[in-house]
Number of protein chains: 2
Amino acid sequence: MRGATYFFICVDLSLALFEEPAVFPLPFLATSIIEVLCLTVFFGRLIHFAKVTPQMVFWKDTKNICIMVTIALTLIDLIIYGSLEAVSIHSVRWSRALRPVFLINFPESRQIRRAFRSIRKTLPDILYVFLLFMFSVLIFSLMALKLFGDRGLKTVEGSSYFTNILEIAFELYVLVTTANSPDVMLPAYDFNWWYSLYFVTFIIINTYIFMSVFLAVVYNNYRKHLKNEIRKLVYLKRHKMIEAFNILKVKVGTEFVVKETEWRQLTKVVAPDISTSHLELLLRISDEGQKGHVDKMNFLRLADLLNIQVVTINVRRHPLEAWVPRVYQSPASLWVRKMVQHRIFVWVFDVIILINAIFIALDEKNPFISYAEWLFLSLYVIEILLKLYTYEPRAYFGRKQFWNGFDMLIIIAALVATVANATIQSARKYNSQQILDIVLILRILRLLRVIISIQRFRVIVTTLINIGPTMLMFGGLVLVVYYAFAIIGMEVFQGKVRFFEPNSTAPDSLVCGNPALKGSTFARDRYCKNNFNDLASSFIVLMELTVVNQWHILAGGFALVTHQAAKLYFILFHIVVVILIVNIFIAFILEAFFVAY
Amino acid sequence: MRGATYFFICVDLSLALFEEPAVFPLPFLATSIIEVLCLTVFFGRLIHFAKVTPQMVFWKDTKNICIMVTIALTLIDLIIYGSLEAVSIHSVRWSRALRPVFLINFPESRQIRRAFRSIRKTLPDILYVFLLFMFSVLIFSLMALKLFGDRGLKTVEGSSYFTNILEIAFELYVLVTTANSPDVMLPAYDFNWWYSLYFVTFIIINTYIFMSVFLAVVYNNYRKHLKNEIRKLVYLKRHKMIEAFNILKVKVGTEFVVKETEWRQLTKVVAPDISTSHLELLLRISDEGQKGHVDKMNFLRLADLLNIQVVTINVRRHPLEAWVPRVYQSPASLWVRKMVQHRIFVWVFDVIILINAIFIALDEKNPFISYAEWLFLSLYVIEILLKLYTYEPRAYFGRKQFWNGFDMLIIIAALVATVANATIQSARKYNSQQILDIVLILRILRLLRVIISIQRFRVIVTTLINIGPTMLMFGGLVLVVYYAFAIIGMEVFQGKVRFFEPNSTAPDSLVCGNPALKGSTFARDRYCKNNFNDLASSFIVLMELTVVNQWHILAGGFALVTHQAAKLYFILFHIVVVILIVNIFIAFILEAFFVAY
Ligand code: NA
């Protein structure tokens with residue numbers, strides 16, 4: 001059920017790849033049938049919810065209302081667009097920007113929803129800082145207009161410098177993001193050294209102080225609401241456990257308790273993978289007096305107890321020791337095992353990897369070096385075999401031994417890819433570019449093994465790996481926002497800027513197919529492929545806008561081919577993604593490292 | 001004494017303005033005599049310390065050793081440089097980079113020293129993250145070399161793309177700072193959409209995660225060491241108070257105490273401005289049993305008690321009420337006072353300011369508008385007079401009423417400047433540009449008054465004003481680092497890049513006077529005034545490097561006119577200033593806002 005819902009959400013979202021402007025075009029009829037199918041599934045799911053939950057609860061849940069409204073709006077949009085299309089009038093498929101609503105509002109996306117709720121609660125605090133910040137930018141704009149407007153200064157491109165208050169405000173907003181520093185300062189600075197102080201003051205106040213205050217406000221709210229969320233979860237858990245207790249309880253003597261058999265059954269149901277020894281341990285803890293039943297206080301602890309990871313240390317014998325004990329315990333075998341366990345063994349292989357790195361950096365077309373590659377691979381395989389000979393395999397690849405598995409995986413993948421490439425090469429006398437690229441990346445990833453050997457690095461990387469799942473949540477959050485912006489961007493900017501192959505002879509290829517870009521920095525820097533002509537390209541443009549650098553060039557280019565007001569789209573994206581989401585991401589990394597260190 | 005030391009430190013530091021390469025050139029003899037004079041003063045100060053502190057303590061203090069070594073090194077440098085100059089050999093005045101040592105090591109700069117100590121303690125933690133980060137950049141460089149090196153791709157400038165591992169590593173380091181995004185990606189992206197994923201991965205790992213981890217490590221250490229510093233200060237205070245108690249104590253009954261008269265004298269000495277009522281209050285608290293003496297525990301609390309700001313609320317009568325009670329209490333006067341105290345009075349003047357802002361934004365050469373300016377000024381003066389009539393002046397401008405003073409100051413300054421400008425204009429028939437600029441800035445600063453009216457804005461601005469003193473400490477820290485880098489920069493890069501007036505006809509003016517810059521982005525963007533030809537210009541370049549954007553263009557330009565190794569200077573600056581100091585600044589703002597909110 002859960003998997004199916006996610007599948008249809010993915011299908012619905014990925015429709016944007018096939019609709020105009022498309023990466024892989026499909027007729028409107030095909031995409032609209034698929035969309036209606038998805039909507040039916042979502043509606044079916046909703047009806048299922050309505051059946052299993054009380055009516056009051058169902059209608060009070062904004063999630064359900066949101067999904068229903070979005071389904072209705074999408075259907076209306078489909079009908080209007082379809083009818084207009086039938087009489088050859090091209091209109092806007094606006095409801096596509098609402099598709100992420102399905103991703104957010106299904107119960108499985110609790111994490112993303114929580115992040116959105118946290119953002120919503122941050123908004124009032126952010127708003128006041130933002131107003132003050134805009135006020136500051138406006139005051140500086142007014143000063144700039146008065147200080148520089150009448151000087152007759154020219155920018156490097158030869159246009160007039162700081163003569164229009166709206167343009168100044170935009171330039172100063174860009175300066176806050178640092179994207180046009182120092183260029184925006186140069187005409188005034190070239191005129192008089194003292195004017196640089198105006199820009200220094202501006203940058204200190206707006207870029208350093210205000211942007212840090214934004215981070216502080218976002219961080220503070222993030223911590224506050226995350227704490228609330230956790231407290232709410234704890235309360236909810238306790239509440240549910242009390243309900244469960246009331247159902248299972250029987251009276252023994254003066255107090256209500258849960259019998260041992262019921263307790264066992266329940267635990268088996270909620271934790272089906274639990275080992276018998278683990279279950280006995282839990283019972284021993286919960287039934288302190290060994291009376292054959294668990295009292296209320298201990299029953300409520302069950303949920304917490306099941307969250308505790310009980311690390312079972314198995315001192316198992318190596319399988320070879322059981323099969324061929326004489327050989328495995330022989331002096332030669334013992335010597336090999338001792339050698340493998342020695343620290344020098346690790347160091348030797350670290351040195352081998354570093355030598356390998358030098359070989360990789362050198363030209364691989366040299367036949368000697370490509371033979372050396374086989375030698376290195378064999379050495380790594382020997383290393384793994386030796387380790388498997390020495391350590392008990394199940395312990396070596398245990399759940400907590402992430403690094404050993406990672407190591408093995410990379411070696412095997414590299415081996416497979418290298419063999420595959422060699423086979424293709426000898427069979428068809430040509431190199432498959434994709435496989436070569438993969439072999440290459442795997443070969444270089446092998447260098448990551450050096451990190452494993454150094455304890456301090458291990459700590460940092462382990463922290464990063466532990467926050468991986470939450471990072472996926474950020475991935476979802478960013479996907480949702482990108483999707484909505486990409487759809488709007490495609491409706492507004494599609495086809496305005498076109499990409500031509502580098503050696504194209506088309507007359508407009510130097511201005512990205514649009515004469516309005518003549519003489520613009522956008523065209524000069526060859527940004528033609530940064531366009532909104534399909535979902536994939538749009539996502540890359542939005543990624544570039546997230547990184548911030550040169551975003552004003554992109555904004556300027558798209559404003560030239562449409563209207564100056566288009567810059568508002570880019571400013572809004574900056575506020576939502578950089579000021580809000582990126583700051584939450586930074587706050588999250590800070591918090592994760594504070595907990596880990 | 002303290003003022004004199006700071007004066008001579010300033011003189012010593014500002015010598016860089018007069019030494020080659022100079023803003024205001026002075027002969028070597030003049031600057032060296034002044035420098036020797038400063039050194040003499042510093043040495044005299046040191047001898048004074050040596051006399052008043054025990055010998056053991058004096059020689060154990062690294063501060064004193066540092067100053068002595070720096071004095072010696074500077075003298076050696078002066079002698080060598082002077083002798084070589086006498087025989088016309090030009091050498092390097094390397095000891096100038098050591099001058100900030102004097103600023104750091106005098107006892108008055110405790111704050112800056114503390115910040116440096118905190119940075120030093122952060123270094124080991126930072127180091128491991130930095131190594132891991134460099135390792136990641138190198139692995140990605142190797143991948144880039146292998147993935148893109150053989151494709152024959154060209155950058156927008158037409159040079160070969162990603163063919164040299166050192167160049168790739170530099171480009172990727174620049175990409176971490178986002179300064180060359182998205183340009184560095186474009187050749188690969190234009191070739192194949194999929195290659196953009198390489199850059200997306202790189203940016204997520206290095207720009208977002210690693211840079212946040214740097215902030216986390218710096219922030220964590222900042223909190224840790226700041227806490228230690230505060231604990232140390234508390235310990236020191238207690239220790240000194242115990243010493244003071246031991247000097248003043250007399251035996252009364254079984255316990256040692258300090259007599260009320262001694263206690264009064266001491267308090268008067270350490271807090272000369274204390275009011276009698278405040279002193280009595282403190283005594284009442286310290287001498288709980290009213291026994292005429294203070295016991296040890298209460299005596300130790302004195303330092304803390306004196307830190308507590310006791311807010312005295314004086315309900316004073318307005319002077320006019322004392323002088324002309326009949327007039328001041330008349331119905332008309334009462335009506336005026338009631339009106340001024342009303343909220344609408346504030347709102348009316350906020351609206352007036354906003355109308356004023358629109359007039360400022362309009363062209364001031366229109367005579368009607370310049371008359372309106374006088375009208376607005378008179379309205380503001382009337383407002384202040386009305387407020388002074390209504391509120392008791394000492395209460396109105398009290399210590400906690402920062403905003404009222406700020407308001408008054410801006411109005412009076414604007415009035416004085418406008419009158420001064422009008423006088424000059426009518427007398428000499430020309431506008432003084434400097435005074436006009438000042439009038440203008442004051443006129444616009446008046447808009448800040450709108451902030452005062454809105455409570456939420458007031459909170460934010462008050463927090464920012466409260467952290468002002470610590471910001472000055474950061475100013476000192478940045479000054480020290482900038483100074484050292486500026487001196488090195490001037491020695492290495494002086495005269496390599498020259499600025500020509502925009503309408504210059506000199507043949508080399510388009511390449512900043514250096515043919516090596518032909519075709520470079522540095523010359524194309526007209527960065528010629530960003531040079532190290534004097535201290536003022538150097539500081540602006542370093543400020544631009546701190547802002548990060550386009551730093552690779554600056555680094556590339558200076559590498560072209562000297563050697564590719566010059567890029568190391570810019571990378572080092574980035575690590576020290578952006579990764580360390582700016583992150584500490586951000587950590588500081590975060591912490592300040594967490595405390596305030
Ligand atoms: Na930038």
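Student: In which helix of chain A does A:Leu73 lie?
Tutor: This is a predicted model, where local features need pLDDT of at least 70 and side-chain atom pairs pLDDT 80 or more, while totals for chains, interfaces and linings use all residues. Residues are numbered from 1 along each chain, chains are lettered from A and ligands numbered from 1 as written, and side-chain values use heavy atoms, without hydrogens and water. With helices taken as DSSP runs (H or I, at least four residues) numbered from the N terminus, A:Leu73 belongs to helix 4.

Student: What does A:Leu73 count as, by relative accessibility?
Tutor: Buried is under 20% relative accessible area and exposed over 50%, with a 1.4 Å probe and protein chains only. At 31%, A:Leu73 is therefore partly exposed.

Student: Which C-alpha of chain B is nearest the axis?
Tutor: Chain B superposes on chain A by a rotation of 180° with 0.0 Å of shift and an RMSD of 0.2 Å (least squares on C-alpha atoms with pLDDT of at least 70 in both copies). The copies are thus related as by a two-fold rotation axis. At 3.8 Å from that axis, the nearest C-alpha in chain B is that of B:Asn549.

Student: Which residues coordinate the sodium ion?
Tutor: Donors are N, O and S atoms within 2.8 Å of a metal, or 3.2 Å for Na, K and Ca; water is not included, so sites may look incomplete. The pair here crosses between chains, each residue sitting in the loop between helix 26 (535–547) and helix 27 (551–561) of its chain. Through OD1 atoms at 2.6 Å, the ion is held by A:Asn549 and B:Asn549.

Terms used:
Helices (H or I, at least four residues) and strands (E, at least two) are DSSP runs, numbered from the N terminus.
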